[in-house]
Amino acid sequence: MADLATRTLPLSGFHGGSGAAALSVAAPATRLSLRAKPDAVSALSGVLGVTLPTKAKTSASTNGRHALWLGPDEWLIIDENGADLMAAVASSGVLHSATDISHRNTAILVKGRGAAVAVNGGCPQDLSLGVFPVGACSRTVLGKAEVVLLRTAEDTFRVECWRSFAPYVSGLLNEAAEDAGN
């Protein structure tokens, strides 16, 4: 009988922040790092059930599935319903590169009127609504860690990071959230 690996959440039970910016761990999700040329975007969008965005810093979301533009030929796909994304893209019939990174990443949700201030505690990016509106995303830095940032509401961000950086990212966000006030 084969030994099976069991996924453990790196920040299981973590909650933090302040009255202005609450922090919590996002539910487990399936994640895919997807690369493809422009002529494959339509077919991949069709099998994923979400339109792959082709404009910088944009995302698309449908029924718990998010497609985040990371580069001219690169997307991060997140499915909050545990769908088999690899099987979906394998059925596309078009040339692409896909890697399941579900075990590599985790996400921290930052929510509240001080959420942007908390994220800006370690991220130099302008997060004002005019520049980084709801649905905007980018690969950026938070302190010394690379993160992918998605604004899901005016007062909510999803911060995707590698699970090995999760203690650092959550600690930095927690301190910044406390600085954002109560």
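**Exercise 1.** Which residues lie nearest the centre of the largest cavity?

*Solution.* This is a predicted model, in which local features need pLDDT of at least 70, side-chain atom pairs count only at pLDDT 80 or more, and totals for chains, interfaces and linings use all residues. Residues are numbered from 1 along each chain as its sequence is written, and side-chain values use heavy atoms, without hydrogens and water.

Step 1. On a 1 Å grid over the protein atoms alone, a cavity is a set of points where a 1.4 Å probe fits but cannot get out, and lining residues have an atom within 4 Å of a point.

Step 2. The lining of the largest cavity comprises 14 residues, and Leu 9, Pro 28, Arg 31, Asn 105 and Thr 106 lie nearest its centre.

Step 3. Strand E8 (residues 105-111; a strand is a DSSP run E of at least two residues) supplies the largest share of this lining, three residues.

**Exercise 2.** State which residues of the largest nonpolar core touch the most other members.

*Solution.* Step 1. A nonpolar core is a set of buried Ala, Val, Leu, Ile, Met, Phe, Trp, Tyr and Cys residues joined through side-chain atoms within 4.5 Å; buried means under 20% relative accessible area with a 1.4 Å probe, protein chains only.

Step 2. The largest core holds 25 residues, and Val 110, Val 119, Val 169 and Leu 173 touch the most other members.

Step 3. Helix H4 (166-179) gives the most to this core, five residues.

Step 4. Beyond its neighbours within four places in sequence, Leu 173 is in contact (heavy atoms within 4.5 Å) with residues including Leu 23, Ile 108 and Val 159.

Definitions and conventions. 1 Å grid on protein atoms, 1.4 Å probe; cavity = no way out; pocket = protein on both sides within 12 Å on 5 of 7 lines; lining within 4 Å. Helix = DSSP H or I, 4+ residues; strand = E, 2+ residues; numbered from the N terminus. Buried < 20%, exposed > 50% of the residue type's maximum accessible area, 1.4 Å probe, protein only.
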